[in-house]
Amino acid sequence: MPRVSTGRNDPCPCGSGRKYKKCCLSAAEAEAPRVVPAPAGPSPAECQQLGALLNSGQLVALEGRAQAMLARYPASGFLWNLLGAVLSMQGKDGLQALQKARTFLPMDPEVLANLGSALGAHGRYEEAEDCCLRAIANRPGFAPAHINLGNVRLNQGRWVDAEASYRRALQLKPDYTDAHSGLLFIHNYRQDASPAAMLAEAQRYGEAMAARARPFQHWDNPPDPDRCLRIGLLSGDLGAHPVGYFLVGVLRALAAQQAGRLEFFAYANRTFIDDVNAQLRVCCRDWCPTAGLDDRTLANRIRDDGIDLPLDLAGHTLYNRLPVLAWRPAPVQITWLGYFATTGVAAVDYLLADPWSLPDSEAGHFTERIWRLPETRLCFTPPDVAVAVGPLPALASGCVTFGCFNKLTKINDGVVALWSRLLGSVPGSRLFLKAEQLGEAAVRGTIVGRFAAHGLGAERLILEEAEPRAAYLATYRRVDIALDPFPYTGATTSAESLWMGVPVLTLAGQRFPSRQGVSLLQNVGLPEWIAADQQDYVARAAAHAADLEGLAALRQRLRPQLLASPFCDAVRFARHFAGALRGMWTQWCDRQRAGGAGGGAAPR
């Protein structure tokens, strides 16, 4: 997501002689687009109009105003940059506008950093990295360029380089929340990251957010345990995205089952225009676009809406609004679904888990209180596409094809070493990797080199880029066995694999991100596909690969088995989920009647 500088203490470029922070963009956030007129660009008064729209988070109106001004000032690089940044902030495609901006401002660090981010969103990683590096060369202290570079490198699977970029951004701008979130997110990929170190880093983030916020102490929410509750959904992924895929079936079931008992308010930090988004909107009483709203404004909106329980669905992923919850706009605050570690924000009271994914022994590594659903913390919405399960491909090819369609970032050096060993134990087998990043020749070359270092030749690899969902799902017809990476295991990809009749072999870890496969396979009734350690992982892979008759039979019954499991039973999950929300709320009401403190969960 593009970030651009404001230069708030510099003289305002509009020519007023006042400091920038006290002129055109007096209330703009430090990470909002800089409105700086270029030659043949808008007047100071027009800049003030743009600034007012930006300050109030009216991004749709700002987009329209920028387009109208471009009709009069078509050679204004700053207007093209502003338009591209505003489009990107809404989750739209700002690439063409930013390419146009570069034609007028070819060396501008803000334009280059924004363009790098947009190119990365299109999977053009080499170009994206070049733009970000040029921005840094022109302005080494420009923190947004460093975080955009980190995002590009992370998408390439280069999390070590990405971590260095995020740390540099934090050195330059210690309160840069996106950089801190990026750093925390990377910890989930690291094999050497200890739970204690991850908790300490998350707590540092939480303390920084608490220092910036002015938390509400009291709310007007009546402490009635039986009344209709207002649930807030905070996310930038409310559409055709893994979060949307897991949410839509649950929300439909809740809307039907809990009518008059629960009502949902969406706070969407990104724009989606697709079928999943349309289905989510129907289930919500209100839909509030939040991109461009500062934390205080959004916190006030949530409080004014009378939200009882806001649900953070993002954690430290992109487009999150975790800092808003540090303001404690509602009595009981929860994190769920989109992130597999602690948020570190003390004002987030609960984290929803299940007995398989988060054992009691791990609860001490979270700042939240753990509330476990009885079976699964996730409920998958089956794809609404007509893609049939095919026959076992090994029966026709004569060799077993292992596959993994997770992001390349999850395929760390330990995974490469183990999978190379695994394929060595199954003669003639192949490994099929499919990911967005594999559309670039350089990325494919890097992957081939990493496996070659462990003696696995390029002829044993099938490397393909991502496709639209229906075609992507059909690709599983070419896979016999799916391999789950570690320590950050799959969730959406594993569910899709099972839906296509392809069993998933997972390695059970101790940490929350390492146990998503354990929870899924236990709920679907496939415990024999859970390995206890790396040696067991290789042994189970070889044993399953040797039983083609068993694999073929499992393939034909796996989709019905998945659909009949708790993992896909939205009605059943909705009852458990609604019970958890009601239970959290009732505990808060009990404390109010007992004269307890103003809010939050019970002491941890």
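**Close-up views of a predicted model**

R444 counts as partly exposed because its relative accessibility is 30% (buried means under 20% relative accessible area, exposed over 50%, partly exposed in between, with a 1.4 Å probe and protein chains only). This is a predicted model, where local features need pLDDT of at least 70, side-chain atom pairs count only at pLDDT 80 or more, and totals for chains, interfaces and linings use all residues. Residues are numbered from 1 along each chain as its sequence is written, and side-chain values use heavy atoms, leaving out hydrogens and water.

**View A. R444 and its surroundings.** Look for R444 in helix α17, residues 441-452 (helices are DSSP runs of H or I, at least four residues, numbered from the N terminus). Leaving aside residues up to four places away in sequence, R444 touches L438, G439 and L463 (contact means heavy atoms within 4.5 Å). A polar atom of the R444 side chain lies 3.3 Å from the backbone oxygen of G439. I462 is 18 residues from R444 along the chain, and their C-alpha atoms are separated by 9.9 Å.

**View B. Helices α6 and α7 side by side.** Here α6 (residues 125-138) and α7 (residues 143-155) have axes that come within 9 Å and cross at roughly 160 degrees (axes are lines fitted to C-alpha atoms over the stretch in contact, and angles run from 0 to 180 degrees between N-to-C directions). The two helices are therefore roughly antiparallel to each other (angles over 145 degrees count as such).

**View C. Where α6 meets α7.** On the α6 side, the residues include Y125, C132 and I136, and they meet α7 residues including A145, L149 and R153.

Methods:
Parallel < 35°, antiparallel > 145°, perpendicular 65-115°, else oblique. Polar contact = N/O pair within 3.5 Å; in protein donor to acceptor, adjacent residues only side chain to side chain.
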